[in-house]
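Please keep the sequence and the 3D view at hand while you read.

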Amino acid sequence: MGKPPLFIPYKMGNFELSHRVVLAPLTRQRSWGNVPQPHAILYYSQRTTKGALLISEATIVSETAQGYPETPGIWTKEQVMAWKPIVDAVHAKGGIFFCQIWHVGRVSNTGFQPNGQVPISSSDKELTPQIRGNVLGVAQFSPPRKLTTEEIPLVVNDFRLAARNAIEAGFDGVEIHGAHGYLIDQFLKDEINDRTDQYGGSLENRCRFALEIVEAVVNEIGADRVGIRLSPFANYMESGDSNPKALGLYMAESLNAYGILYCHMVEPRMKTVGEMVECPHSLVPMRKAFNGTFISAGGYDMEDGNKAVSENRTDLVAYGRWFLANPDLPKRFELKAPLNMYDRSTFYTPDPVVGYTDYPFLETTV
């Protein structure tokens, strides 16, 4: 009997991965005052195995980038210093750790913004209030302000500095968050982007902002330390596109010019939270077009993950909720052991333990 496909080692650029089960980026809202806390040391180290790839929770690139309470940043010296022991703990167990860098754009309100200013976006289209989980209530969004052409390089620079800071904190690389209706996606998608300058209109123009960020980050820290997450098929936060396949393919092909390490794409089967649509082959054209490592995400279970790797539809599979509830997920997959069920009501509470570091390991459940 050979190893299950998820457990065939994989070389990702300069990194030797012992398996293909990736910790997906998961917002946990436990970084008080935007500063990562010591309880995150245990959380991430619990989910680390030797030769594993972990992607951090989405991390704010600047003071205008926040849209959720208690999310971590990486634009100040204090934040960089606070990340160091967390990264060290992952490295101590032999893990590879990438920091997902993030700007929410219009998914915010004046309460999160410096001096109560309005959020920035590709457009001035307002976002409808959204119900956030079953404990967070309804999120209200302030009407955003459309970035001027002249301001865009300043935001690109925020991503560049965040990437530099991530490397200073000890991370092995960064994942640019270009998915799920946040700022980069607000430029990519034609449902939102109504610009008439060089950042709007054609597919090439709508992708310009994302690719300028990729270029700036690559120039700062090296292509072999850069990944990007994209969700061309998703319509989170009213960010749909009229031709998602063309968008995904254009981005996959364009990224090759920068030689980045990986492209992390979200399956179209996750249209909205909890709504799954089966279409396993839809990312295949992007996977074929992109020269680097391809990571797939979107409600995978063990069987789906093994199948996707064995059919060469992806290189690595990112797991979110199951990894949250099962800190030893790779081991459980390897042993085909039962999984802990996740508790949605504790996903986004600020508690440093409950729903965070208190999910049991296999040894304590059998």
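This is a predicted model: local features need pLDDT of at least 70, side-chain atom pairs count only at pLDDT 80 or more; totals for chains, interfaces and linings use all residues.

On the face of helix H8 that is turned away from its buried side sit the exposed residues Glu303 and Ser310. Which residues of helix H8 (residues 302-310) are buried? They are Gly305, Asn306, Ala308 and Val309. Looking down the axis of H8, you will find these buried residues within an arc of 165°, so they line one face of the helix. An α-helix has 3.6 residues a turn, so residues three or four places apart point the same way. The packing partner of the buried residues of H8 is strand E17 (316-319).

Both ends of H8 deserve a look. At its start, a side-chain oxygen of Asp301 comes to within 3.2 Å of the backbone nitrogen of Glu303. Glu303 is also one of the exposed residues on the outward face. After H8 comes Asn312, with a positive phi near 60°.

Positive phi values turn up in two loops as well. Glu70 is not a glycine, yet its phi is positive, at about 55°. You can find Glu70 in the loop between strand E5 (59-60) and helix H2 (77-92). His180, not a glycine either, has a positive phi of about 55°, and its place is the loop between strand E11 (173-178) and helix H4 (183-188). Are these two residues buried or exposed, or something in between? Glu70 has a relative accessibility of 29%, so it counts as partly exposed. His180, at 15%, counts as buried, because the cut-off for buried is under 20%.

Now to the aromatic side chains. The structure holds 16 aromatic pairs. In one of them, the rings of Tyr44 and Phe97 have centres 5.0 Å apart and planes at 50°, so the pair is tilted. This pair links distant parts of the chain, with Tyr44 in helix H1 (residues 39-46) and Phe97 in strand E6 (residues 96-102), 53 residues apart. Tyr44 is buried, with a relative accessible area of 1%, and Phe97 is buried at 0%. Phe98 and Tyr262 form another aromatic pair that is tilted. Here too distant parts of the chain are linked: Phe98 lies in strand E6 and Tyr262 in strand E13 (residues 262-266), 164 residues apart. Both Phe98 and Tyr262 are buried.

The two pairs are set out below.

| Pair | Centre to centre | Angle between planes |
|---|---|---|
| Tyr44 and Phe97 | 5.0 Å | 50° |
| Phe98 and Tyr262 | 5.6 Å | 50° |

Which residues do ring pairs link into a cluster? The cluster holds Tyr43, Tyr44, Trp83, Phe97, Phe171 and Tyr356.

Let us step back to the whole protein. It has 10 helices and 17 strands. Its radius of gyration is 19 Å, close to the 21 Å that the globule rule gives for 366 residues, so the protein is as compact as a globular protein of that length. Along the principal axes, the C-alpha atoms fill a box of roughly 60 × 40 × 35 Å. Of the 366 residues, 58% are buried. Among contacts with a separation of 6 or more, 73% come from residues 24 or more positions apart. The accessible surface comes to about 14000 Å², and 54% of it belongs to carbon and sulfur atoms.

Methods
Residues are numbered from 1 along each chain as its sequence is written. Side-chain values use heavy atoms; hydrogens and water are left out. Buried means under 20% relative accessible area, exposed over 50%, partly exposed in between (1.4 Å probe, protein chains only). Helices (H or I, at least four residues) and strands (E, at least two) are DSSP runs, numbered from the N terminus. The arc is that of the directions from the helix axis to the C-beta atoms. Contact means heavy atoms within 4.5 Å. A polar contact is a pair of N or O atoms within 3.5 Å; within protein, one must be able to donate a hydrogen and the other to accept it, and residues adjacent in sequence count only if both atoms are side-chain atoms. The radius of gyration is taken over C-alpha atoms; the globule rule is 2.2 Å times the number of residues to the power 0.38. Accessible areas come from the Shrake-Rupley method with a 1.4 Å probe; for residues, only the protein chains shown count as cover. Rings of Phe, Tyr and Trp (its six-membered ring) pair if their centres lie within 6.5 Å; planes under 30 degrees apart count as stacked, over 60 as edge-to-face and the rest as tilted.
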